[in-house]
Amino acid sequence: MVEIAEVQRGLEDVVALESRICFIDGKQGRLIYQGYDIRDLAARSTFEEVAYLLWYGRLPTASQLTDLKTRFGALRSLPHQVCQQLDQLPAEASPMDVLRTTVSALALYEPDETRPGASSIGGAQRLTAVLPTILGEFHRRRRGLPALTPRPELSQAAYLLYAILNREPTELEAKAMDVALILHADHELNASTFAARVTASTLSDLYSAVTSAIGTLKGPLHGGANERVMQLLDEIGSVGRVEEIVHGKLVRHERVMGFGHRVYKVEDPRATILRDWSRRIGEAAGNLHYYELLRKVEEVVHREKGLYPNVDLYSGSVYSLFGIPPDLFTPIFASSRVAGWTAHVLEEYQDLRLIRPTAKYVGQVDLPYVPVAQRS
Ligand code: SDX
């Protein structure tokens with residue numbers, strides 16, 4: 001039997017490929033997109049600039065940025081057949097299931113420019129532009145709100161808020177959402193991006209790769225954690241109950257969502273930035289309830305488990321203050337990460353290698369076949 005190397009469960013610390021898109025220094029708590037530190041990008045750029053950076057490997061000039069914003073505005077509408085399908089979906093459907101289903105359906109009506117080999121940046125721009133529309137169209141239908149009108153003049157962040165809330169976001173809300181979209185745009189070979197690359201590595205198409213990624217992001221150990229953080233906060237209710245509830249979970253070896261990370265061994269730099277936005281938005285709203293609860297939760301989890309917050313801990317507290325329902329938090333994560341997923345798919349097409357690891361077989365061999373009539 002061929003000698004197999006030791007199993008690395010969860011592919012932990014396995015270096016699967018080379019990439020120029022994102023670097024994470026887990027020991028120093030640094031995150032870099034195409035050479036730029038996330039702290040600079042969050043403080044000084046926009047989601048449109050970051051999407052361009054991820055796809056092209058350089059920041060856009062002013063005219064390139066204007067062109068991208070125009071394209072995003074022009075690519076936000078859905079084919080009427082897909083709108084008719086949205087009409088049929090159950091109002092109680094999970095928005096992540098709606099997103100996955102609708103991206104998959106979209107592929108049936110879109111040009112084949114998304115097929116491997118062709119310039120798939122057009123497909124990447126299309127999917128990035130249209131995800132907020134899918135979220136908004138579904139949410140409006142389930143809430144009986146008026147149909148979404150195209151607003152090509154709005155930035156992605158402002159349009160996402162307008163699509164969901166059916167109102168113009170304030171400048172502060174749009175800025176906070178823009179920063180959140182920047183922070184969630186890419187993160188090296190996280191599970192959903194890896195799923196996208198595995199799909200692309202078979203020469204499957206961009207829409208199939210993004211459909212794989214959406215299904216993967218839904219899991220509570222990955223993108224689904226931000227929604228569960230808010231469920232925990234609602235269970236806790238007040239700062240005085242944090243110690244009792246969180247300690248109880250840890251004693252029962254339950255996971256406290258929003259903490260821990262496979263790569264970061266110190267604080268996730270995105271959590272640092274989102275903590276500050278949670279405070280700023282809370283102060284502006286005159287409601288620091290979630291922020292104060294989270295600070296206390298952090299204190300207990302770090303004291304008892306030495307764990308640090310990850311990107312999912314504070315994002316929901318910001319979105320809740322905008323009036324966004326928790327089941328749209330992970331879809332918002334997806335509407336940002338689609339830029340990273342598609343950048344990685346493009347990179348995979350450019351340096352293609354079928355991704356196919358092996359397993360260490362621990363089952364039986366050479367069992368004699370017994371006809372069904374003789375089996376007991
Ligand atoms: C994201 O990969 C990425 O980059 C993902 C992401 C991205 O941008 O794409 O950063 C986004 O997915 C962030 C993570 C969101 N998920 C959560 O917040 C869910 C809760 N966290 C975990 O389940 C966990 O921390 C993981 C899944 C994130 C990482 O898990 P690992 O690396 O597999 O670590 P582990 O499960 O082996 O845990 C090591 C120890 C264990 O303790 P012991 O059993 O050895 O005593 O730490 C404990 C775990 O029990 N632990 C936790 C914990 N996370 C780890 N204990 C309580 N609560 C937690 N959250």
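**Exercise 1. Find which ligand atom type a polar side-chain atom of Arg262 lies 2.8 Å from, and how much of the ligand the protein covers.**

Step 1. Of the 1000 Å² of accessible area (Shrake-Rupley method, 1.4 Å probe) that the ligand has on its own, the protein covers 73%.

The model is predicted: local features need pLDDT of at least 70, side-chain atom pairs count only at pLDDT 80 or more, and totals for chains, interfaces and linings use all residues. Residues are numbered from 1 along each chain as its sequence is written, and side-chain values use heavy atoms, with hydrogens and water left out.

**Exercise 2. State how many residues surround the ligand, and which domains supply them.**

Step 1. The count is 23, and the closest are His187, His261, Arg262, Arg270 and Arg337; a residue is near a molecule if one of its heavy atoms lies within 4 Å of it.

Step 2. Domain 1 (19–220 + 326–350) and domain 2 (225–322) each give at least three residues to this shell; the bounds come from an automatic or database domain assignment.

How values were computed:
A polar contact is a pair of N or O atoms within 3.5 Å; within protein, one must be able to donate a hydrogen and the other to accept it, and residues adjacent in sequence count only if both atoms are side-chain atoms.
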